[in-house]
Amino acid sequence: MALSTRHAPVGVEPYLEQYAAVKPALPGADLPWLVERREEGRARFAALGLPTNRIEDWKYTSLRPLERLSFAPCAPEVENARLPKLLPDGAAGARVLFVNGRFRPDLSDLAGLPGGVRLRSFADSLTHEPELVEEHLGRAGGLDGHAMLALNTAMMADGLVLSIDRNVAVERPIEIVYVTEPNGASPALYPRNLIVAGPASQAVLIEHHVGGEGAYLVNGATEVLVGAGAVLRHYKVQEEGPEAYHIYLNQVRIGRGAVYDNFVLSIGGRLARNQIEAAIEGSGAECLLNGAYMGLGRQHLDHTSLIDHAAPQARSRQVYHGVLDGQSRGVFQGQIIVRQAAQKTDGHQLNRALLLSDGAEIDSKPNLEIYADDVKCSHGATVGDLDKNALFYLRARGIPEPQARALLIAAFLNEVIDNEPVAAAQDIFRARVAAWLERR
């Protein structure tokens, strides 16, 4: 039966036309298994269309504005792009740089990686080790219900492929920088990343997403596989340009006794959605999904997360702090599912938001879905303005009101930042908070 007009897919034609145009030139076009997966993504996106508010997971964030924008399938390489650094010289074990969706080996430095670590671009991996990509691509999650992931799967061209062998510890953080410079165009980029942390391995990844002036779309996807006993700390600073659309999905699988620690600091973009789906598949595992967000003007910042407890005696935490000013809007959707076999689960989620203006808005929806009977789970959300008593206390001691407000905002955001165990990441996040407070 044909779809009714009410439920017809939205905004698919321009993207399907782009796919048809770039398909022959996509990396790995000679690999039958990859062509099949891309075609599956195209078909799924054609059936689903751009997400709208009619879909429960997108109730507070609609991508219908993308219908009105015309994005180019790919932007040319930029020679004079900004090349920011989060870590000081010598602090990173490796630095990987992508400009307008393409890996730039001439601007990257991989010399500090230890043996047992393989790091390539997605496009390069399809040429030199396609069996690694074929083995792991799609293992962290499927396309069901994920229109933007389906579109990414059809259009994926480059990104990061990182594989860490058993028992290998990467002592210094790996910095991954994604730079987008529209240069008068409106590029659409589809980074696809694959991270495989072998059993008992250890690593810290710090992503930095930054962009210039003008409208562009980053529709990215990252698959993460954390082996038994591994510890992977995965941090992200999202500082896209003011007219950018940043849509990212992380799908994660966590093995027995492993730790996956994710922290997102969201500052940039006109509309940004950071979505994480994590499945705890081994007993004794730990999943930490935390973050902070700061909105100004008419920004729309969405953090949507799901932790699926499928194994017993595991622990999870989701804690996000947000500050919204002007007409900005924040979204927090956090869900914990506890399967019947996941006895003795310890799960907690919390979203706290400060609204600094009458026009700011937060939509918060923490949710628990529990099928086991021996668990400890909690969730909550708080919304308010700055503490007037604390503000009065600071002003009574001679601190001008703007400075007093900035101190309280910084303390509120740093409360969640301070829980991260990596000092270098804390320094990065605190510096970004301070810079944001200077600008507002």
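This is a predicted model: local features need pLDDT of at least 70, side-chain atom pairs count only at pLDDT 80 or more; totals for chains, interfaces and linings use all residues.
**The chain as a whole**

The protein chain holds eight helices and 20 strands. Its C-alpha atoms fill a box of roughly 70 × 55 × 45 Å, taken along the principal axes. For 440 residues, a compact globule would have a radius of gyration near 22 Å, and the 21 Å of the protein chain agrees with this. Of the 440 residues, 57% are buried. Among contacts between residues at least 6 apart in sequence, 83% join residues at least 24 apart.

Leu 354 stands opposite Gly 384 in S20.

In soluble globular proteins, nonpolar side chains tend to be buried together. Here the largest nonpolar core has 50 residues, and those with the most contacts inside it are Leu 162, Ile 174, Ile 254 and Tyr 260. A second, separate core comprises 34 residues, including Ile 206, Leu 265, Ala 292 and Val 323. The surroundings of Ile 254 can be given in detail. Leaving aside residues up to four places away in sequence, Ile 254 touches Val 226, Tyr 260, Ala 278, Ala 279, Ile 280, Glu 281, Gly 282, Ala 285, Glu 286 and Cys 287. One of these contacts, Tyr 260, is itself listed with Ile 254 among the residues with the most contacts inside the largest core.

**Aromatic pairs**

A pair of aromatic rings is described by the distance of the centres and the angle of the planes. A search of the whole structure finds six aromatic pairs, among them the two in the table below.

| Pair | Distance of centres | Angle of planes | Arrangement |
|---|---|---|---|
| Phe 98 and Tyr 178 | 5.2 Å | 10° | stacked |
| Tyr 320 and Phe 332 | 5.4 Å | 50° | tilted |

Why do Phe 98 and Tyr 178 count as stacked? Their planes are at 10°, and planes under 30 degrees apart count as stacked. Phe 98 lies in strand S1 (residues 94-99) and Tyr 178 in strand S5, so the pair ties together parts that are 80 residues apart in sequence. Both ends of the pair are buried: Phe 98 has a relative accessible area of 2%, and Tyr 178 has one of 8%. Together with Phe 103, these two residues form one aromatic cluster.

Tyr 320 is buried, and so is Phe 332.

**Charges over rings**

Aromatic rings also face charged groups. The charged end of Arg 273 sits over the ring of Trp 58, at 3.6 Å from its centre. Arg 397 lies over the face of Tyr 393, 3.7 Å from the ring centre.

**Residues with positive phi**

Most residues other than glycine have a negative phi. Asn 183 is placed in the loop between strand S5 (174-180) and strand S6 (188-189), and at 57% relative accessibility Asn 183 counts as exposed. For Lys 344, phi is likewise positive, near 60°. Lys 344 is found in the loop between strand S17 (329-338) and strand S18 (346-355). With a relative accessible area of 49%, Lys 344 is partly exposed, because only values over 50% count as exposed.

Note on methods. Residues are numbered from 1 along each chain as its sequence is written. Side-chain values use heavy atoms; hydrogens and water are left out. Helices (H or I, at least four residues) and strands (E, at least two) are DSSP runs, numbered from the N terminus. Buried means under 20% relative accessible area, exposed over 50%, partly exposed in between (1.4 Å probe, protein chains only). Rings of Phe, Tyr and Trp (its six-membered ring) pair if their centres lie within 6.5 Å; planes under 30 degrees apart count as stacked, over 60 as edge-to-face and the rest as tilted. A charge sits over a ring if NZ of Lys or CZ of Arg is within 6 Å of the ring centre and within 35 degrees of the ring normal. A nonpolar core is a set of buried Ala, Val, Leu, Ile, Met, Phe, Trp, Tyr and Cys residues joined through side-chain atoms within 4.5 Å. Contact means heavy atoms within 4.5 Å. The radius of gyration is taken over C-alpha atoms; the globule rule is 2.2 Å times the number of residues to the power 0.38. Two strands pair if DSSP finds at least two bridges between them.
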